[in-house]
Amino acid sequence: MSVRPPQNDEWTFSYFDFQPDQQRLRESLCTLGNGYMATRGALCERPASETSYPGTYIAGIYNKLGTHMAGKTIYNEDLVNCPNWLPLNFRVSVPYWEKSAPHTILYFHQELDMKNGCLRYTAQLEDFMGRVTTVSMERIVHMADPHRAAIRYTIMPENYSDDIHVRSMIDGSVTNTGVARYRDLSSQHLTPASTGRYMKSGMYLVTRTNQSKITIAIAEKI
(Lines give C-alpha, C1' and ligand atoms only; values in the text may rest on other atoms or scores of the structure.)
Protein backbone atom coordinates (compact mmCIF):
# COMPACT_ATOMS: atom_id res chain seq x y z
CA MET A 1 0.00 0.00 0.00
CA SER A 2 1.69 3.22 -1.19
CA VAL A 3 0.73 5.51 1.67
CA ARG A 4 2.86 8.32 3.07
CA PRO A 5 3.31 7.82 6.84
CA PRO A 6 1.63 10.43 9.06
CA GLN A 7 3.83 13.09 10.65
CA ASN A 8 3.83 13.24 14.43
CA ASP A 9 5.02 16.54 15.86
CA GLU A 10 3.65 19.66 17.49
CA TRP A 11 3.40 21.48 14.13
CA THR A 12 1.13 18.93 12.45
CA PHE A 13 -2.67 18.83 12.64
CA SER A 14 -3.92 15.38 11.51
CA TYR A 15 -7.15 13.53 10.69
CA PHE A 16 -7.08 9.76 10.31
CA ASP A 17 -10.45 9.11 8.68
CA PHE A 18 -12.99 10.71 6.36
CA GLN A 19 -16.19 11.90 8.01
CA PRO A 20 -18.60 13.70 5.65
CA ASP A 21 -20.45 15.43 8.50
CA GLN A 22 -17.16 16.93 9.74
CA GLN A 23 -15.74 17.86 6.35
CA ARG A 24 -16.85 21.51 6.24
CA LEU A 25 -15.35 22.16 9.68
CA ARG A 26 -12.10 20.49 8.64
CA GLU A 27 -12.00 22.59 5.49
CA SER A 28 -12.18 25.73 7.63
CA LEU A 29 -9.48 24.56 10.04
CA CYS A 30 -7.17 23.52 7.18
CA THR A 31 -7.39 26.79 5.24
CA LEU A 32 -4.11 27.97 3.69
CA GLY A 33 -3.49 31.71 3.34
CA ASN A 34 -0.74 34.27 2.90
CA GLY A 35 -2.39 37.55 3.89
CA TYR A 36 -3.58 38.30 0.36
CA MET A 37 -5.52 35.16 -0.54
CA ALA A 38 -6.80 32.15 1.34
CA THR A 39 -8.15 28.78 0.17
CA ARG A 40 -10.23 26.46 2.30
CA GLY A 41 -8.93 22.95 2.85
CA ALA A 42 -11.43 21.29 0.50
CA LEU A 43 -10.57 18.08 -1.32
CA CYS A 44 -9.68 18.56 -4.98
CA GLU A 45 -12.01 15.77 -6.10
CA ARG A 46 -15.19 17.05 -4.43
CA PRO A 47 -17.41 19.86 -5.75
CA ALA A 48 -19.53 22.09 -3.54
CA SER A 49 -22.23 20.14 -1.71
CA GLU A 50 -23.80 19.78 1.73
CA THR A 51 -20.57 18.13 2.91
CA SER A 52 -18.00 20.28 1.11
CA TYR A 53 -17.57 23.98 0.40
CA PRO A 54 -14.51 24.91 -1.69
CA GLY A 55 -13.70 28.57 -1.23
CA THR A 56 -10.94 30.99 -2.22
CA TYR A 57 -11.04 34.54 -0.88
CA ILE A 58 -8.89 37.52 -1.90
CA ALA A 59 -8.34 40.59 0.26
CA GLY A 60 -10.49 43.55 -0.74
CA ILE A 61 -12.83 41.74 -3.13
CA TYR A 62 -16.32 42.59 -1.85
CA ASN A 63 -19.63 42.75 -3.66
CA LYS A 64 -23.08 44.02 -2.60
CA LEU A 65 -26.32 42.40 -3.74
CA GLY A 66 -29.97 43.06 -3.01
CA THR A 67 -32.50 40.39 -2.09
CA HIS A 68 -36.27 40.98 -2.25
CA MET A 69 -37.81 39.64 0.96
CA ALA A 70 -41.16 40.42 2.65
CA GLY A 71 -41.91 43.29 0.28
CA LYS A 72 -38.60 45.09 0.67
CA THR A 73 -35.03 44.86 -0.64
CA ILE A 74 -32.29 43.83 1.78
CA TYR A 75 -28.72 44.62 0.77
CA ASN A 76 -25.87 42.42 1.89
CA GLU A 77 -22.15 42.92 1.17
CA ASP A 78 -19.98 39.82 1.06
CA LEU A 79 -16.33 38.90 0.83
CA VAL A 80 -16.63 37.16 -2.53
CA ASN A 81 -15.98 33.46 -2.99
CA CYS A 82 -13.63 33.65 -5.98
CA PRO A 83 -13.35 31.03 -8.76
CA ASN A 84 -12.31 27.63 -7.48
CA TRP A 85 -8.84 26.63 -8.74
CA LEU A 86 -8.76 23.28 -6.89
CA PRO A 87 -10.74 20.82 -9.07
CA LEU A 88 -8.65 17.78 -10.00
CA ASN A 89 -10.04 14.33 -10.71
CA PHE A 90 -9.21 11.11 -12.52
CA ARG A 91 -11.00 8.26 -14.22
CA VAL A 92 -9.85 4.79 -15.23
CA SER A 93 -10.74 3.47 -18.72
CA VAL A 94 -14.38 4.67 -18.87
CA PRO A 95 -14.93 6.99 -21.88
CA TYR A 96 -16.97 9.72 -20.17
CA TRP A 97 -16.46 11.60 -16.92
CA GLU A 98 -20.13 11.50 -15.97
CA LYS A 99 -20.09 7.68 -16.13
CA SER A 100 -17.30 7.40 -13.57
CA ALA A 101 -18.74 5.51 -10.61
CA PRO A 102 -18.18 6.75 -7.04
CA HIS A 103 -15.25 5.23 -5.19
CA THR A 104 -15.22 3.46 -1.85
CA ILE A 105 -12.69 5.07 0.52
CA LEU A 106 -10.46 2.34 1.99
CA TYR A 107 -7.99 4.67 3.70
CA PHE A 108 -7.86 8.40 4.33
CA HIS A 109 -5.38 10.61 6.13
CA GLN A 110 -5.16 14.40 6.03
CA GLU A 111 -2.64 16.66 7.72
CA LEU A 112 -1.94 20.36 7.94
CA ASP A 113 1.79 21.01 8.27
CA MET A 114 1.74 24.40 9.99
CA LYS A 115 5.54 24.72 10.08
CA ASN A 116 5.90 24.51 6.29
CA GLY A 117 2.47 25.85 5.32
CA CYS A 118 1.46 22.69 3.44
CA LEU A 119 -1.82 20.76 3.36
CA ARG A 120 -1.57 17.08 2.48
CA TYR A 121 -3.93 14.18 2.15
CA THR A 122 -3.71 10.58 1.03
CA ALA A 123 -6.72 8.48 0.04
CA GLN A 124 -6.91 4.89 -1.10
CA LEU A 125 -9.95 4.37 -3.33
CA GLU A 126 -11.65 1.27 -4.71
CA ASP A 127 -13.99 1.39 -7.71
CA PHE A 128 -16.86 -0.95 -8.61
CA MET A 129 -14.44 -3.28 -10.45
CA GLY A 130 -12.22 -3.71 -7.41
CA ARG A 131 -9.43 -1.53 -8.80
CA VAL A 132 -7.56 0.20 -5.99
CA THR A 133 -5.91 3.57 -6.54
CA THR A 134 -3.91 5.64 -4.06
CA VAL A 135 -4.14 9.40 -4.50
CA SER A 136 -1.84 11.83 -2.71
CA MET A 137 -2.14 15.62 -2.70
CA GLU A 138 0.12 18.41 -1.43
CA ARG A 139 -0.99 22.06 -1.58
CA ILE A 140 0.62 25.40 -0.79
CA VAL A 141 -0.39 29.05 -0.96
CA HIS A 142 2.85 30.90 -1.64
CA MET A 143 4.14 33.35 0.97
CA ALA A 144 6.81 35.08 -1.16
CA ASP A 145 4.57 35.48 -4.21
CA PRO A 146 1.05 36.20 -2.86
CA HIS A 147 -0.59 35.60 -6.26
CA ARG A 148 0.70 32.04 -6.58
CA ALA A 149 -0.54 28.69 -5.27
CA ALA A 150 0.30 25.13 -6.27
CA ILE A 151 -0.85 21.52 -6.03
CA ARG A 152 1.17 18.33 -6.39
CA TYR A 153 -1.17 15.46 -7.25
CA THR A 154 0.05 11.86 -7.41
CA ILE A 155 -1.98 8.88 -8.66
CA MET A 156 -0.76 5.33 -8.01
CA PRO A 157 -2.62 2.26 -9.35
CA GLU A 158 -2.20 -0.51 -6.77
CA ASN A 159 -3.62 -3.68 -8.35
CA TYR A 160 -4.22 -2.95 -12.05
CA SER A 161 -2.71 -1.60 -15.25
CA ASP A 162 -4.93 0.65 -17.37
CA ASP A 163 -5.27 4.11 -18.87
CA ILE A 164 -5.78 6.87 -16.31
CA HIS A 165 -7.23 10.20 -17.46
CA VAL A 166 -6.76 13.31 -15.35
CA ARG A 167 -8.98 16.41 -15.50
CA SER A 168 -8.18 19.84 -14.09
CA MET A 169 -10.39 22.94 -14.29
CA ILE A 170 -11.21 26.36 -12.87
CA ASP A 171 -14.79 26.60 -11.63
CA GLY A 172 -16.32 30.04 -12.08
CA SER A 173 -19.85 29.00 -11.05
CA VAL A 174 -19.09 29.32 -7.33
CA THR A 175 -21.49 31.16 -5.02
CA ASN A 176 -21.48 32.51 -1.47
CA THR A 177 -23.60 29.80 0.14
CA GLY A 178 -21.32 28.56 2.90
CA VAL A 179 -23.47 29.79 5.79
CA ALA A 180 -26.86 28.04 5.95
CA ARG A 181 -28.80 30.93 7.50
CA TYR A 182 -27.79 33.27 4.65
CA ARG A 183 -28.75 30.96 1.79
CA ASP A 184 -31.98 32.84 1.06
CA LEU A 185 -29.91 35.92 0.20
CA SER A 186 -28.63 36.59 -3.33
CA SER A 187 -25.28 34.80 -3.65
CA GLN A 188 -24.23 34.93 -7.33
CA HIS A 189 -21.51 37.59 -7.22
CA LEU A 190 -19.50 36.67 -10.32
CA THR A 191 -20.12 37.30 -14.02
CA PRO A 192 -17.93 35.46 -16.57
CA ALA A 193 -15.84 37.74 -18.77
CA SER A 194 -13.54 35.48 -20.82
CA THR A 195 -11.80 32.12 -20.95
CA GLY A 196 -8.88 30.83 -22.95
CA ARG A 197 -5.76 28.73 -23.18
CA TYR A 198 -2.07 29.57 -23.17
CA MET A 199 1.09 27.62 -23.92
CA LYS A 200 0.58 23.82 -24.15
CA SER A 201 -1.28 23.04 -20.94
CA GLY A 202 -2.42 26.36 -19.52
CA MET A 203 -5.90 27.83 -19.17
CA TYR A 204 -7.38 30.96 -17.68
CA LEU A 205 -10.71 32.31 -16.51
CA VAL A 206 -11.61 35.98 -16.11
CA THR A 207 -14.67 36.94 -14.07
CA ARG A 208 -16.02 40.22 -12.75
CA THR A 209 -18.04 41.03 -9.65
CA ASN A 210 -21.45 42.17 -10.82
CA GLN A 211 -21.84 45.20 -8.52
CA SER A 212 -18.37 46.37 -7.44
CA LYS A 213 -16.96 45.63 -10.93
CA ILE A 214 -13.72 44.04 -9.73
CA THR A 215 -11.99 41.87 -12.34
CA ILE A 216 -10.58 38.54 -11.15
CA ALA A 217 -8.23 36.61 -13.44
CA ILE A 218 -7.08 33.10 -12.56
CA ALA A 219 -4.60 31.18 -14.69
CA GLU A 220 -3.65 27.54 -14.24
CA LYS A 221 -0.92 25.41 -15.78
CA ILE A 222 -0.47 21.67 -15.45
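## Aromatic pairs

In this predicted model, where local features need pLDDT of at least 70, side-chain atom pairs count only at pLDDT 80 or more, while totals for chains, interfaces and linings use all residues. Residues are numbered from 1 along each chain as its sequence is written, and side-chain values use heavy atoms, with hydrogens and water left out.

The count of aromatic pairs comes to 3, where rings of Phe, Tyr and Trp (its six-membered ring) pair if their centres lie within 6.5 Å, and planes under 30 degrees apart count as stacked, over 60 as edge-to-face and the rest as tilted. Phenylalanine 13 and tyrosine 15 form a tilted pair, with 5.4 Å from centre to centre and 55° between the planes. Phenylalanine 13 is partly exposed, with a relative accessible area of 31%, whereas tyrosine 15 counts as buried at 12%; here buried means under 20% relative accessible area, exposed over 50%, and partly exposed in between, with a 1.4 Å probe and protein chains only. Phe18, Phe108 and Tyr121 form one aromatic cluster.

Strands are DSSP runs (E, at least two residues), numbered from the N terminus.

Leaving aside neighbours within four places in sequence, tyrosine 153 is in contact with Glu45, Leu88, Phe90, Tyr121, Val135, Ser136 and Met137, where contact means heavy atoms within 4.5 Å.

## Leucine 65

Leucine 65 has its place in strand E5 (residues 62-69) and is buried, with a relative accessible area of 14%. Apart from neighbours within four places in sequence, leucine 65 is in contact with residues including Ile74, Tyr75, Asn76, His189 and Asn210. The C-alpha atoms of leucine 65 and glutamate 77, which are 12 residues apart along the chain, are separated by 6.5 Å.

## A sheet of three strands

An open sheet is formed by 3 strands in the order E2-E3-E4, with antiparallel pairing; two strands pair if DSSP finds at least two bridges between them. Strand E2 (32-33) and strand E4 (56-58) are the edge strands, each pairing on one side only. E2 is joined by 2 bridges to strand E3 (residues 37-39), and glycine 33 stands opposite alanine 38 in E3.

Conventions:
Helix = DSSP H or I, 4+ residues; strand = E, 2+ residues; numbered from the N terminus.
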